[in-house]
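Here is a briefing on helix packing, nonpolar cores and a handful of individual residues. Look over the sequence and model first.

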Amino acid sequence: MSTGKISGLVPILVFLLLFLGAGILLQDFYAMPAIVAFVIALAVAFFQNPKRKFEDKLASVVKSMGNENVMIMCLVFVLAGAFSGAVKAAGGVDSTVNFGLSILPPQIAVAGLFVISCFISTAMGTSVGTIVALTPIATGISEKTGIAGALCVGVVVCGAMFGDNLSMISDTTIAATRTQNCDMKDKFRENFRIVLPAAIVTLILFLIVASGSEYLVEGDLSYNFLRILPYLVVLIGALAGMNVFLVLIAGTVLSIIVGIATGAIAPADSFAVIFQGPDGDSGIQSMYDITVISIVVAGIIGLVKDNGGIDFILNGIRKRVHSQKGAQIGIAVLSLLVDVSTANNTIAIVMAGPIAKDISDEYQISPKRTASLLDIFTSVSQGILPYGAQLLYASAGASAMGLALTPLDILPYLFYPILMGVSSLCFILFEKTTATPRVQH
């Protein structure tokens, strides 16, 4: 088997240098759009291996871009965006938040907020959306109970990462399952049993840290259960093994019906909200960036593979890994490093996914386990990155409510992402392997 060439990895290194370099120099890791850096990296990949005809390189890129799993992933992104826009326009987000807060026991306000954050993020499929929705509530709890604001906001971030990692409509779940070609329900079950211990320990820690606090949520907490119904239909349908396309289409149609029936959506606006949501920041258009990035990254990976880059990584892993457990740790480390470099867990999964697939095939790791490891360990790093979108939105939201916080202030209370990593490592190290690895030397 080929040992590969480190030069094959040059396009990926170019992307990292451009993206990280711009972030460090401009002190803003979102100053350079990721797609711009990826397009430059693709151009670099084309210039490599000059002896090979350009037409052959283009054929490799197009073949890799048109891979069945890549196309399915992109279609699911589009349908998830359609559902997100429709259910938001129907009032599903507000009703879900209010429903959760209305059942919050005042004696366990902080721990209860964690549970509600978990529920809402799983329903919405977005950690950032959950943080935006609940940070004002967290700051209010801090002001009225005297509990540290960083703790209250940290609780929301922890719950947000729970759903980001598990939700059936999260773009990270979509990317992880499609790059590994496994069913969402299988990945959910595998993922859930791995992170459940971390969630339970986190809840206990929040109960201890904020014991004795009491806070009654005030204001209008009215909700309409019909508006929550589309979320439940999507969740139950996906868990029952229903085809993800049918699940998302059914959820979108139901959201439109509910929105029209409750007066939240005017019939004439039905198609517009599917495209852009009620406020222009959701819907199908919100998935444009990640869809285009996924296609371009697939093309880059095609040339990287042709030029020996993937073989170089795999050969390096083979020299250090001699077991199924070691291979799983390798996938975990790979996921962490790529996410730290990109500050976007979905992009990290799209980049690391094909390499992880080759590793899992080599060591007979089940697709559901590999998909779970990709999603978990990119979420571990994403949940604690001071320059990641989650902590930036959390600190900005708190500051907007008059509570001055920086991402570093919140960091000490991010129990869940760290415990999620610890729980995953325990499963890797102490769980009995399910197959005998076939290592080729």
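The axes of α17 and α18 come within 10 Å of each other and cross at roughly 145°. Axes here are lines fitted to C-alpha atoms, for helices over the stretch in contact, and angles run from 0 to 180 degrees between N-to-C directions. Helices (H or I, at least four residues) and strands (E, at least two) are DSSP runs, numbered from the N terminus.

The model is predicted: local features need pLDDT of at least 70, side-chain atom pairs count only at pLDDT 80 or more, and totals for chains, interfaces and linings use all residues. Residues are numbered from 1 along each chain as its sequence is written, and side-chain values use heavy atoms, with hydrogens and water left out.

**Helices α17 and α18**

- The crossing of this pair, α17 with α18, is right-handed. A crossing is left-handed if the near helix is turned anticlockwise from the far one by less than a right angle, and right-handed if clockwise.
- On the α17 side, the contact uses N345, A348, I349, A352, G353, A356 and S360. On the α18 side, T370, L374, D375, T378, S379 and Q382 take part. Contact means heavy atoms within 4.5 Å.
- By class, the α17–α18 contact has five nonpolar, seven polar and one charged residues. Ala, Val, Leu, Ile, Met, Phe, Trp, Tyr, Cys and Pro count as nonpolar, Asp, Glu, Lys and Arg as charged, and the others, Gly among them, as polar.
- Q364 sits in the loop between α17 (345–363) and α18 (367–382). Its phi is positive, about 55°, although Q364 is not a glycine.
- Buried means under 20% relative accessible area, exposed over 50%, and partly exposed in between (1.4 Å probe, protein chains only).

**Helices α7 and α8**

- Helix α7 (residues 127–145) and α8 cross at roughly 155°, and their axes come within 8 Å.
- α7 and α8 are therefore roughly antiparallel. Angles under 35 degrees count as roughly parallel, over 145 as roughly antiparallel, 65 to 115 as roughly perpendicular and the rest as oblique.
- The α7–α8 crossing is right-handed.
- From α7, the residues that meet α8 are S127, T130, I131, L134, T135, A138, T139, I141 and S142. Their partners in α8 are G149, C152, V153, V156, V157, A160, M161 and D164.
- The contact of α7 with α8 divides into 10 nonpolar, six polar and one charged residues.

**Helices α5 and α6**

- Helix α5 (residues 92–102) packs on helix α6 (residues 109–124) at an angle of about 160°, with the axes 10 Å apart.
- The two helices, α5 and α6, are therefore roughly antiparallel.
- α5 passes α6 in a right-handed crossing.
- V93, T96, V97, F99, G100 and L101 of α5 make the contact with I116, F119, I120, A123 and M124 of α6.
- That contact of α5 with α6 has nine nonpolar, two polar and no charged residues.

**Nonpolar cores**

- A nonpolar core is a set of buried Ala, Val, Leu, Ile, Met, Phe, Trp, Tyr and Cys residues joined through side-chain atoms within 4.5 Å.
- The largest nonpolar core has 120 residues. Those with the most contacts inside it are F15, F38, F206, M351, I359 and Y416.
- Helix α8 (residues 149–166) supplies the largest share of this core, 12 residues.
- Another core, of nine residues, lies apart from it and includes A89, I265, V273 and I284.
- F206 touches V110, A111, F114, L151, V155, C158, Y413 and F415, not counting residues up to four places away in sequence.

**Individual residues**

- Y413 lies in the loop between α20 (407–410) and α21 (415–430). At 24% relative accessibility, Y413 counts as partly exposed.
- Leaving out residues up to four places away in sequence, Y413 touches A148, A150, L151, G154, C158 and F206.
- Y413 and Q48 are 365 residues apart along the chain, and their C-alpha atoms are separated by 46 Å.
- N181 is in the loop between α9 (171–180) and α10 (184–209). N181 is not a glycine, yet has a positive phi of about 55°. Its relative accessibility is 46%, so N181 counts as partly exposed.
- L337 belongs to helix α16 (residues 324–342). With 55% relative accessibility, L337 counts as exposed.
- L337 and T378 are 41 residues apart in sequence and 8.4 Å apart in space, C-alpha to C-alpha.
- S7 lies in the segment before α1 (10–26). S7 is partly exposed, with a relative accessible area of 35%.
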